[in-house]
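User: I'd like to go through this model with you. Can we start with the overall fold?

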Amino acid sequence: MKHLVIPTILAFSAGFATAQTQGVSKNEIVIGSIQDLSGPLAGYGKQARNGMQLRVSELNEQGGVHGRRVTLKVEDSGYDPRKAVLAAQKLVNQDKIFLMAGHVGTAHNMAAMPIQFERNVINFMPLTAAREMYEPFHRLKYSFAVPYYEQVRVMLPRLAKEKKSQKICVHYQDDDFGQEIVKGAEAATQAMGVSIAERTSFKRGATEFSSQVAKLKAAGCDMVVMGTLIRETIGTIGESRKTGFNPTFLGTSGAYTDLIHRLGGRAMDGFYAAMTVQHPYLDEASQPIRFWANKYKTQFNEDPTVFSAYGYIIMDAFIRAADKAGPNLTTDSFVKAMDGMNYPADIFGSAPATFTAKKRLGSDASRLSQIQEGRWKVVADYGK
């Protein structure tokens, strides 16, 4: 009987060790990411991928982390949660990634995380500001994005007071992403002592918004909270302008991108969005950002965007924690390093972030920007 128990224990220990060190060898760390490279958020996904790859290239040129080069493997979800599941299965089970970094999309992360967690693979700083990225608590969750809920809860009352808004409405994508913004608007209006005057929704991938705009206009909305991303923001505001409906539009960081004014044109002027990292307009940027942008353009033959910066920040955050974890990199040593991790403000304008054994969101501070004459301008800084 004793002879049977010992091999069983050894086999269990070997299996646990393998799970701990998946994606880590003597010379390499394999990192995975799932982006939208072919769907409605392909503009985000390609930029985020490039930003991550730029930081990986810099690191590898410098010799890696404790002598290990980083390999970044990226799969395309097409912004479809079902495809995100398939992508996660490939990255986790075939490519044997150590960690999932910067996965884009709320529903997509929710679908992929169980696959990762079953194999002890960390979900690191996903590109979604949903609270589910750090709640409920899980030792393998780390989020850097200020929650959509918190962005709306804080910014809506401030802007409504400034604009003297009387009828606040919500227009949102009917999924996990949109529901987070609805909940933030409900919390904000409840604190303000008012009710949401009208709610309109649309399915993911929608391109026509005339019926929703007509409903918002008929309700007399003078402020519309937008649970929208790129084309939904452009389509809704564009349709509103055509019909003479001009409320204050307030979006989240999900709509904070240069693609809004580049694709939507002058009609987008006046649109507000909560944000943290500022879009790098190179003729306005600081010298460190211009230096970074030149490296980016040399490698990818295009100017960087805010999502390029997000990707770079996410990978840089991983590298710092992996360095702190030491030469013996495992899931446990990485988690231990993150449990006392402090990230200072960076060149892109991010607020300082801290993580502990009980705190899996780096920072909940956001800013407010508005599109003015075709460019995003910060109109309310952190804590203002």
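This is a predicted model: local features need pLDDT of at least 70, side-chain atom pairs count only at pLDDT 80 or more; totals for chains, interfaces and linings use all residues.

User: What does the secondary structure come to?

Analyst: The protein chain has 12 helices and 14 strands. Its radius of gyration is 22 Å, close to the 21 Å that the globule rule gives for 384 residues, so the chain is as compact as a globular protein of that length. The C-alpha trace spans about 80 × 50 × 35 Å along its principal axes.

User: And how many of the residues count as buried?

Analyst: 57% of the 384 residues.

User: Switching topic. How many disulfides does a search of the whole structure find?

Analyst: The search finds 1. Cys 169 and Cys 221 form it, with their sulfur atoms 2.0 Å apart.

User: Left-handed or right-handed?

Analyst: Left-handed, because the torsion about the S-S bond is about -85 degrees.

User: Is Cys 221 buried or exposed?

Analyst: Cys 221 is buried, at a relative accessible area of 5%. Cys 169 is buried too, at 0%.

User: Now Asn 123. Where is it found?

Analyst: Asn 123 is in strand β4, residues 122-124. With 1% relative accessibility, Asn 123 counts as buried.

User: What does Asn 123 touch, leaving out residues up to four places away in sequence?

Analyst: Its contacts include Met 100, Asn 109, Phe 117, Leu 140 and Tyr 142.

Technical notes
Residues are numbered from 1 along each chain as its sequence is written. Side-chain values use heavy atoms; hydrogens and water are left out. A disulfide is a pair of cysteine sulfur atoms within 2.5 Å. Buried means under 20% relative accessible area, exposed over 50%, partly exposed in between (1.4 Å probe, protein chains only). Helices (H or I, at least four residues) and strands (E, at least two) are DSSP runs, numbered from the N terminus. Contact means heavy atoms within 4.5 Å. The radius of gyration is taken over C-alpha atoms; the globule rule is 2.2 Å times the number of residues to the power 0.38.
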